[in-house]
Amino acid sequence: MTKNSMVTHESIINNSVPFAKRHIGPTSAEQTHMLKTLAMESMEELIKATIPDSIRSKRPLALAPGLSEPEALARMKELAQRNIVFKSYLGTGYYDCHVPPVIQRNILENPGWYTQYTPYQAEISQGRLEALLNFQTLVSDLTGLPIANASLLDEPTAAAEAMTLCFAHQTEATHQVFWVSHNVHPQTLAVLQTRAEPLGIEVLTIDFAQNTQVTDKLPFGALIQYPGSDGAVIDHSILISELKTKGVMIAVATDLLALTLLKSPGELGADIALGSAQRLGVPLGFGGPHAAFFATKDELKRKIPGRLIGVSKDTTDQPALRMSLQTREQHIRREKATSNICTSQVLLAIMNSMYAIYHGPEGLKNIAKRVHSLTTILAKALTAHSFKLVNDTWFDTISVDLSKSSVSLDLLHTRAEAAEINLRYPSDQSSSQIVGISLDETTTLGHICDLVMVFTGTNEESRAQVQTQINGLVYQPFEYRFSGRLVRMSPYLTHPVFHQHQSETQMLRYIRHLESKDLSLTRSMIPLGSCTMKLNATAELFPISWPEWNGIHPHAPQVQLDGYFELFRELESSLAECTGFDAVSLQPNSGAQGEYAGLLAIRKYHLSRGESHRTVCLIPKSAHGTNPASAVMAGMRVIIVDCDKSGNIDLDDLTAKAKEHKANLAALMITYPSTHGVFEDHVRAICDHIHDNGGLVYMDGANLNAQVGLCRPGEFGPDVCHLNLHKTFCIPHGGGGPGMGPIAVKKHLAPFLPGHPLAEPWEKWPSESLGTVSGAPWGSASILPISMMYIWMMGGPGLTQATQVAILNANYIAHRLHPHYPVLYRGASGRVAHECIIDLRPLKAKTGVEVEDVAKRLMDYGFHAPTVSFPVVGTLMIEPTESESLKELDRFCEAMISIRQEIAEIEQGTFDKVNNVLKHAPHTQQLVVASSWDRPYSREKAAFPLEWVKTTKFWPSVSRIDSAYGDRNLVCTCPHLTSYEGI
Amino acid sequence: MNFPKNFKYTKDHEWIELQGQIAKVGVSAYAIEQLGDIVHIELPKSGTTFKAGESFGTIESTKTVSDLYMPVAGKISEVNQAALQKPELLQEDPYQQGWLVKIALEKDTSIAGLFGSDDYEKYLRESGS
């Protein structure tokens, strides 16, 4: 035997690669090289030069060292198994369903679909834009309303958007009252009440069946749930037309599966239809993420919230898709916007659209009829056993009134629990004895049998008797259990796309065909500033497919949720440790919603101190558009603070405005590091100044990726911040959602954090809760394991290193590009934070080249553009993140430098200002291989501008898109092929 | 860039052309160029009264949306339906076909305080435009 005295078994056994090395792009040798390039001796020297001493944290993260991937997965599995998955009949807008495996594997679990950002660069996003157009067509067809958006966050917030749309649109002098049917889902009512209060809207709950008489206090709008939350399917057309003649706008919350059988809201006269599309192929996920839908009449198209995909054309007159009418949105309208919606639920909406395509209209109708049929069998079986039903109409939900039955609520509860069944029981405070049962796509005759046995107390030995009874019912004729006037006669999903992909082979190819048109992180870096497009590791994503996380209804009882609560506790404390705050709420399910929740907490704080007059919110000019939009929604008055030449908040202006509004100051919203990508020296002084004047400080956490492990916002002044888990903590962007925007607060704001009317937490909801901001109690809970896995696998040291490398990568890019493009805004010592802004404005005057042209030309090199014209018009903001390797950073820099040379060729007069390779970018394969070529540059220059592009080539599927054409001629559903001829 | 001599202009880039007690109002070629492709305009109903400086509508391009401000006080007497239907008219012909509204001026309204074309051009130069 040969002995090597230097090597022990121990060192070999423990020599696995730490996950941090997989997550962080540059190797240690590369990091050393990059530091040298920056003339820095060490990482510490770079960080010292970047982050002001005054805000550096004095202690490292108190988080355990990183686990390996197998260790973290084992721990996550152990946690998952502490959840108990009962069969859910809880309904209330959440229904179990079968996710077609071809969709689960090729979309939900496929980084080619989940790693992209919002489709801002439409030419390289045609795949998901088409999938979203299919979603809009699905929604528009089923709701009977022509304009449908590309999803909202959840049904309750969609209802709130409907309320504020009606509020903003009211033409007649009506009261500031919004009517809500008593039969809406309770979480919808809770969110409506929260959203209404700061705007001065009064929400009145009305039983429309009892009280169709219009009272003297005429509302500006009304919301009806159809079918009702208790299952009743009522014809509201007369009520709707009565209210409409009085100028009241009507919103209908509805269910897409039910609408395959029921007359559409559009046909009933509704102005708006909304709801959750979850049951079309998306798991329960303990409440999310799910896509909500929202559709309106044509006359409201300029008021509809959220992203709207529209058909336009490219320079070769080929049809091409892009986001249309963007001027409706918060990033343009800012404090004048009526909604702060930004990220929505793209990935889930795409799953819904694919589910509809896979099943087609007949298939969807069959699923609906099957659910309806089983509900009728259950209803008949229970009534045969003398149970009384509350309604004589239903689609998939029946309500059983136990007050007239020999079975007590407690007894039923005990039996159901033994059978591992969750029913919808009345709340503890209520004296009602009504139990709800909602069926879904997964329900079988066996389940009906289980339910009847639970209600009747039949033991297992007598199962055969119940089966016999049910078998008798099965052979009775099928009939709709709602008014014949409500039976749907109008067609839907007539477009060919909903008829051509119903074999798995066809479906797979359609999914792959669309995927190939999208540039995702599987191809190259997406250096979008302010978006943090880092690695979404596969191990982090694994748990979201486990039934212990995604098979649970959001209103399932506390005792079944040990695993979830442990996850929440640990994630909350880890996030509190990273940010230096005292308490965390996981409820907000997007960054913008986090902002809103944070501001509401501030509002509640002032109210609790008897200072309701404190409503002024100071916001720097450079803030993200969601900031002012959220502030207005929270009932605040926005005052804009100027920025100085280096991108920092103008201290003099801030001081003057804080002083001027001293008596009414509610808050300052800041982004840190600033939206300009700089660690401002004065942040402590700024926060002190606001506090001295009676206000609180809200920090936008969009740029937290520059801070984790190095500084803690809770230590340098802010009172509350939100965290974009989809940026800093690895939840994939999903092509435009889902996101998660939890908020972290200091002790004095903790009593005001969000609560929920339907779920119990492990402790109590905060005492003076601001209300409910999301439909589900813990937002999009089923994706929280992603962030937890990231934190476990990186550990404290790994997270800190990630931040350091994110800063190193940004400074390396700034250094390499600086000789070619001016880098705007640096900190006191000349360093940028985790992103940098390059200025293209000087080039426009000389060469006519605009920032847009550079963004499009990057596509020819195989790159997604950085953020265009935010926060400064005419610039690009580059955020490489820690996950990109040196090689990839160099490739990106080479592309940018090569483009600069192409611009120089225009400067020198070699190429014309209008007819050049930038103005014509991007170049499609079709264009480059066409038999005719009349451009002043070569085909090779167009398509393969650098040697390595030949091996990595990504072809944009359309050329430059004409945005004006699409905005002037809005088409937001799938056009039938003949209509393309007009283009 | 062309700024008709007989028109008056405002700091917010509206133009006004006086025709007796009626005036036509539109948006200057400079503002149109800054906005980019115009895709939509919103205008008030005839008969609505506005004070000077009050917002009377909005103009939208693919990139942005701006308020339109009344150069002087008056009552809307006519709205350019052609421009509402075809907002491109503002780009193609901002001073003739691309007018927005006609207003009936209040008695004794003076437009003397507004920019003449030379002053407006000077204003654009000085404001760094």
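This is a predicted model: local features need pLDDT of at least 70, side-chain atom pairs count only at pLDDT 80 or more; totals for chains, interfaces and linings use all residues.
Chain A comes first. It carries 34 helices and 26 strands. Its radius of gyration is 29 Å, close to the 30 Å that the globule rule gives for 983 residues, so chain A is as compact as a globular protein of that length. Laid along the principal axes, the C-alpha atoms of chain A fill a box of roughly 85 × 85 × 65 Å. Buried positions account for 58% of the 983 residues of chain A. As for how chain A folds back on itself, take the contacts between residues at least 6 apart in sequence: 79% of them join residues at least 24 apart.

Chain B has four helices and nine strands. Going along the sequence, these elements come in the order β-β-β-α-β-β-β-β-β-α-α-β-α. A compact globule of 129 residues would have a radius of gyration near 14 Å, and chain B agrees because its own value is 14 Å. The C-alpha trace of chain B spans about 35 × 35 × 20 Å along its principal axes. Of the 129 residues in chain B, 35% are buried. Among the contacts in chain B with a separation of 6 or more, 61% come from residues 24 or more positions apart.

Where the chains meet, eight residues from chain A and seven residues from chain B take part in the contact. On the chain A side, the elements that give two or more residues are helix H13 (330-333) and helix H34 (963-968). H34(A) gives the most, with four residues. Sorted by class, the side of chain A that touches chain B has four charged, two polar and two nonpolar residues.

Next come the helix pairs within chain A. Two packed helices are described by the angle between their axes and the distance between the axes. Helix H27 of chain A (residues 784-817) turns up in two of the pairs described here.

One partner of H27(A) is helix H30 (residues 886-907) of chain A; the two axes come within 10 Å and cross at roughly 30 degrees. Angles under 35 degrees count as roughly parallel, so H27(A) is roughly parallel to H30(A). The crossing in which H27(A) passes H30(A) is right-handed. From H27(A), the residues making the contact are A:Asn809, A:Tyr812, A:Ile813, A:Arg816 and A:Leu817, while H30(A) brings A:Leu889, A:Cys893 and A:Met896. By class, this contact of H27(A) with H30(A) has six nonpolar residues, plus one polar and one charged.

The other partner is helix H21 (residues 562-579) of chain A, whose axis comes within 10 Å of that of H27(A) and crosses it at roughly 55 degrees. That angle makes H21(A) oblique to H27(A). Here the crossing of H21(A) and H27(A) is left-handed. H21(A) makes the contact through A:Leu567, A:Glu570, A:Leu571 and A:Ser574, and H27(A) through A:Leu784, A:Pro785, A:Ser787, A:Met788 and A:Ile791. The residues of the contact of H21(A) with H27(A) split into six nonpolar, two polar and one charged.

A:Ala810 sits in helix H27 of chain A. With 28 C-beta neighbours inside 10 Å, A:Ala810 counts as buried, because the cut-off for a buried residue is 20 or more. Setting aside neighbours within four places in sequence, A:Ala810 is in contact with A:Val832, A:Ala833, A:His834, A:Glu835, A:Cys836, A:Glu879 and A:Pro880. The C-alpha atoms of A:Ala810 and A:Thr881 are separated by 7.5 Å, although these residues lie 71 residues apart along the chain.

A further pair in chain A brings together helix H22 (residues 591-608) and helix H23 (residues 626-633), which pack at an angle of about 45 degrees with their axes 9 Å apart. H22(A) and H23(A) are therefore oblique to each other. H22(A) passes H23(A) in a right-handed crossing. On the H22(A) side the contact is made by A:Ala592, A:Glu595, A:Tyr596 and A:Leu599; on the H23(A) side, by A:Thr626, A:Asn627, A:Ser630, A:Ala631 and A:Met633. In class terms, the contact of H22(A) with H23(A) holds five nonpolar, three polar and one charged residues.

Notes
Residues are numbered from 1 along each chain as its sequence is written. Chains are lettered from A and ligands numbered from 1 in the order in which they are written. Two residues are in contact if their C-beta atoms, placed from the backbone, lie within 7 Å. Ala, Val, Leu, Ile, Met, Phe, Trp, Tyr, Cys and Pro count as nonpolar, Asp, Glu, Lys and Arg as charged, and the others, Gly among them, as polar. Axes are lines fitted to C-alpha atoms, for helices over the stretch in contact, and angles run from 0 to 180 degrees between N-to-C directions. Angles under 35 degrees count as roughly parallel, over 145 as roughly antiparallel, 65 to 115 as roughly perpendicular and the rest as oblique. A crossing is left-handed if the near helix is turned anticlockwise from the far one by less than a right angle, and right-handed if clockwise. The radius of gyration is taken over C-alpha atoms; the globule rule is 2.2 Å times the number of residues to the power 0.38. A residue is buried if 20 or more other C-beta atoms lie within 10 Å of its own, exposed if 12 or fewer, and partly exposed in between; C-beta atoms are placed from the backbone.
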